[in-house]
Amino acid sequence: SDLFPGLVPEMLAVQLQPGTLLSSPRRLFKHAQFCNGEIKDIDLQRRTVTFSRKLDGKEFSVSYDHLIVGVGSVEDLKRFPGIAEHTMRLKAFPDILQVRNHLLTMLELADIETDSAELERLLNFVVVGANYAGVEVAGELAEYLPTLARRRFPNVPVEKIRITVIHSGERILPELGSHFPKLQA
C-alpha cells in the first residue's frame with residue numbers, strides 16, 4: 001500500500017490512526033488495471049507499457065486506454081553532510097511510527113532528567129524543510145508535544161520544548177510565492 005503524505009503530521013500527533021494513511025491504488029482506481037513495477041518502455045503508438053517487477057526483474061507488457069504514471073521522487077541525502085546519518089525521514093509508514101516512538105521516548109527521558117542542559121537537548125526537535133509539509137509537521141508538533149507533556153509527563157517543563165525549522169531557501173513556504181506574501185511572512 002502507498003502512503004498518503006498529506007496526513008503525516010496528523011499521524012505524528014496521534015490525531016489519526018495508522019490505517020487512515022494507507023491508500024491502496026487498487027482501492028482508489030477500482031476500474032483500472034494496476035501494475036506495480038519499474039517502467040522500461042512506453043510505446044505511445046502501440047499504447048503499451050513494458051515494465052519489470054522488483055522481485056526478479058521479469059518483464060511484462062500491458063496495453064492501455066488511459067495511462068497514469070506516478071513518477072515519485074528521490075531524496076537528495078548528499079546535499080548536506082550528515083543528513084543521511086542524523087535524520088529521520090517521513091516517507092514511509094514505518095518511518096512515521098519510528099518518529100512517533102522517538103518523540104515519546106524523548107518526553108519519557110525528559111520526564112526523569114535533572115540536568116538542565118540535557119533536558120534542553122532532549123526537548124529540542126528539528127524539522128528540516130519549510131515547505132507545506134515541513135511547516136505543517138512543525139505546527140502539529142508545537143501543539144501536540146506540550147499538550148501531551150501536560151497530560152502525561154508532569155516533570156517536563158513545556159516552556160522548554162523547542163521546535164526548530166531549518167530551510168535552505170530564502171523564505172519558508174516557497175509554494176506561496178508572491179501570491180500570499182503576508183501569509184508567507
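**Order of elements**

Analyst: From the N terminus on, the protein runs β-α-β-α-β-β-β-α-α-α-β-α-β-α. Helices (H or I, at least four residues) and strands (E, at least two) are DSSP runs, numbered from the N terminus. This is a predicted model, where local features need pLDDT of at least 70, side-chain atom pairs count only at pLDDT 80 or more, and totals for chains, interfaces and linings use all residues. Residues are numbered from 1 along each chain as its sequence is written, and side-chain values use heavy atoms, with hydrogens and water left out.

User: What share of the residues in the protein is buried?

Analyst: Buried means under 20% relative accessible area, exposed over 50%, and partly exposed in between (1.4 Å probe, protein chains only). The protein has 185 residues, and the buried share is 28%.

User: Which residues of the largest nonpolar core touch the most other members?

Analyst: A nonpolar core is a set of buried Ala, Val, Leu, Ile, Met, Phe, Trp, Tyr and Cys residues joined through side-chain atoms within 4.5 Å. The largest one holds 24 residues, and those touching the most other members are L103, L107, L123, L145, V156 and I161.

User: Which element gives the most to this core?

Analyst: At least two core residues each come from helix 1 (8-12), helix 4 (93-112), helix 5 (116-122), strand 6 and helix 6. With 7 residues, the top contributor is helix 6.

User: Which residues does L123 touch, not counting those up to four places away in sequence?

Analyst: Contact means heavy atoms within 4.5 Å. L123 belongs to the largest nonpolar core. Its partners beyond four places are L107, A110, V156, P157, K160, I161 and R162.

User: Which residue in strand 7 is the bridge partner of F125?

Analyst: Two strands pair if DSSP finds at least two bridges between them. Strand 6 (residues 124-128) and strand 7 (residues 162-166) run parallel, joined by 5 bridges. The partner of F125 there is I163.

User: What unit do strand 6, helix 6 and strand 7 make?

Analyst: A crossover is right-handed if, with the strands pointing away from the viewer, the path from the first strand over the helix to the second runs clockwise. Helix 6 spans residues 132-152, and together with strand 6 and strand 7 it makes a right-handed β-α-β unit.

User: Is Q184 buried or exposed?

Analyst: Q184 is found in helix 7 (residues 181-184). Its contacts beyond four places are R171, I172, L173, P174, L176 and G177. Because its relative accessible area is 10%, Q184 is buried.

User: Which backbone oxygen does the side chain of Q184 reach?

Analyst: A polar contact is a pair of N or O atoms within 3.5 Å; within protein, one must be able to donate a hydrogen and the other to accept it, and residues adjacent in sequence count only if both atoms are side-chain atoms. Here the distance is 3.0 Å, and the oxygen belongs to I172.

User: Where is L173, and what is its phi?

Analyst: L173 sits in the loop between strand 7 and helix 7. At 10% relative accessibility, L173 is buried. L173 is not a glycine, yet its phi is positive, near 50°.
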